[in-house]
Amino acid sequence: MSKAIVIHATGGPEAFRYEDAALPAPTAGQVLLRHTAIGVNYIDVYHRSGLYPLPGLPAIIGMEGAGVVEALGEGVSDLAVGDRVAYACGPTGAYAERRVVAAAQMVRIPAGVSDEIAASIMLKGMTAQYLLHDTAPVRAGDTVLVHAAAGGVGLLLCQWAKHLGCTVIGTVGTEAKAELARAHGCDHVIVTRGGGFAAAVQKITAGKGCRVIYDGIGKDSFADSLESLALCGRLVCYGQASGPIEPIAPSLLSAKSASLSRPVLFHYTAQRAELLRIAGSLFDVIASGAVKVAPPTRYALRDAALAHADLEGRRTTGQLVLIP
């Protein structure tokens, strides 16, 4: 058995139950992992609330973690008991002391990177990597807009885009978050206070707009994001913290010959070679010092409901982890 956060019905943070869960032995191609840290991400909120349906209930949510390999299933030859590894993948099940996971999804944690840092940045960091390098590659001289610039993905996107030579505009909700965004690569910060931002973007860019916009907010920001694009710009909607975007007619994009993407990390990492490439690029840019990751905010595993309440209440900055 393993202690875990289990949901028996979808809902708010109060749906979480801290209880015993069955722990099978690893089968062929699997490892038994003892978590030392578990990442908390907005996709977990979507699973808990039912926005992203789970295969069935009861269920353990969570897509990301780090820990120590305790046992190997048949045929696993590139990992060993005692290895420090991290992952960000489906199926859900990370909110637990121990779990059985596919060995092909495990990435060794480099020396000098703590388990808590690894657990907190695998999903967000690999998201930043593929957004900047694969979905809508940026180049030196580009002006890019990053929404929720003081959030987990936002802080990484801003630093990395600045490292690549971009002018970075960020949106945030408070003056305190604005200072954090400026300290992490933002050349210009717009405090939205629940209002629009398109006019501010047009002023900053002298009416040219942004070549790429990375938007994890969704419904509340979509219209202004389209207005903030440059001609032939690219709007990348990689999340929907404010709710799903309403259906649109493709002709809406023709006003600026804009492109719209709705990418998913797990499609980019479906092949192990690509997973190792993207994770390796992430660890390399952290090791170089170009992208700095602050120690994550820690919550006990049993306090997952508090972590989710703080995350949804926009009371957090940077990364969050659960500690078993």
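Predicted model: local features only at pLDDT ≥ 70, side-chain atom pairs only at ≥ 80, totals over all residues.

Student: OK, how far apart are the end C-alpha atoms of helix 8?
Tutor: They are 24 Å apart. Helix 8 has 17 residues, 272–288. At 1.5 Å a residue, those should span 24 Å, so the two values agree.

Student: Which residues of helix 8 are buried?
Tutor: Leu275, Ile278, Ala279, Leu282, Phe283, Val285 and Ile286. They cover an arc of only 165 degrees around the axis, which means they sit on the same side of helix 8.

Student: Why would residues a few places apart point the same way?
Tutor: An α-helix has 3.6 residues a turn, so residues three or four places apart point the same way.

Student: What covers those buried residues of helix 8?
Tutor: The cover includes strand 8 (107–108) and helix 2 (115–135). It also includes helix 3 (152–163) and helix 7 (265–268).

Student: And which exposed residues are on the face turned away from the buried side of helix 8?
Tutor: That face carries Ala273, Asp284, Ala287 and Ser288.

Student: Switching to charges. How many salt bridges does the structure hold?
Tutor: It holds 15. Let's start with one in helix 8. The side chains of Glu274 and Arg277 meet in a salt bridge, 2.7 Å from N to O.

Student: How far apart are Glu274 and Arg277 along helix 8?
Tutor: Three residues. That separates Glu274 and Arg277 by about one helical turn.

Student: Are Glu274 and Arg277 buried or partly exposed?
Tutor: Glu274 is partly exposed, at 31% relative accessibility. Arg277 is partly exposed too, at 34%.

Student: What does Lys3 form a salt bridge with?
Tutor: Asp20. The closest N and O atoms are 3.3 Å apart. Lys3 lies in strand 1 (residues 2–7) and Asp20 in strand 2 (residues 16–21), so the pair ties together parts that are 17 residues apart in sequence.

Student: How accessible are Lys3 and Asp20?
Tutor: Lys3 has 29% relative accessibility and counts as partly exposed. Asp20 is partly exposed as well, with a relative accessible area of 45%.

Student: What about Glu312, which residue is its salt-bridge partner?
Tutor: Arg48. Their closest N and O atoms are 2.9 Å apart. Glu312 is in helix 9 (residues 304–312) and Arg48 is in helix 1 (residues 42–49), so this pair ties together parts that are 264 residues apart in sequence.

Student: Is Arg48 buried or exposed?
Tutor: Arg48 counts as buried because its relative accessibility is 2%, and the cut-off for buried is under 20%. Glu312 counts as partly exposed, at 32%.

Key. Residues numbered from 1 in each chain as written. Heavy atoms only, no water. Helix = DSSP H or I, 4+ residues; strand = E, 2+ residues; numbered from the N terminus. Expected span 1.5 Å × (residues − 1). Buried < 20%, exposed > 50% of the residue type's maximum accessible area, 1.4 Å probe, protein only. Arc of directions from axis to C-beta. Contact = heavy atoms within 4.5 Å. Salt bridge = Lys/Arg side-chain N within 4 Å of Asp/Glu carboxyl O.
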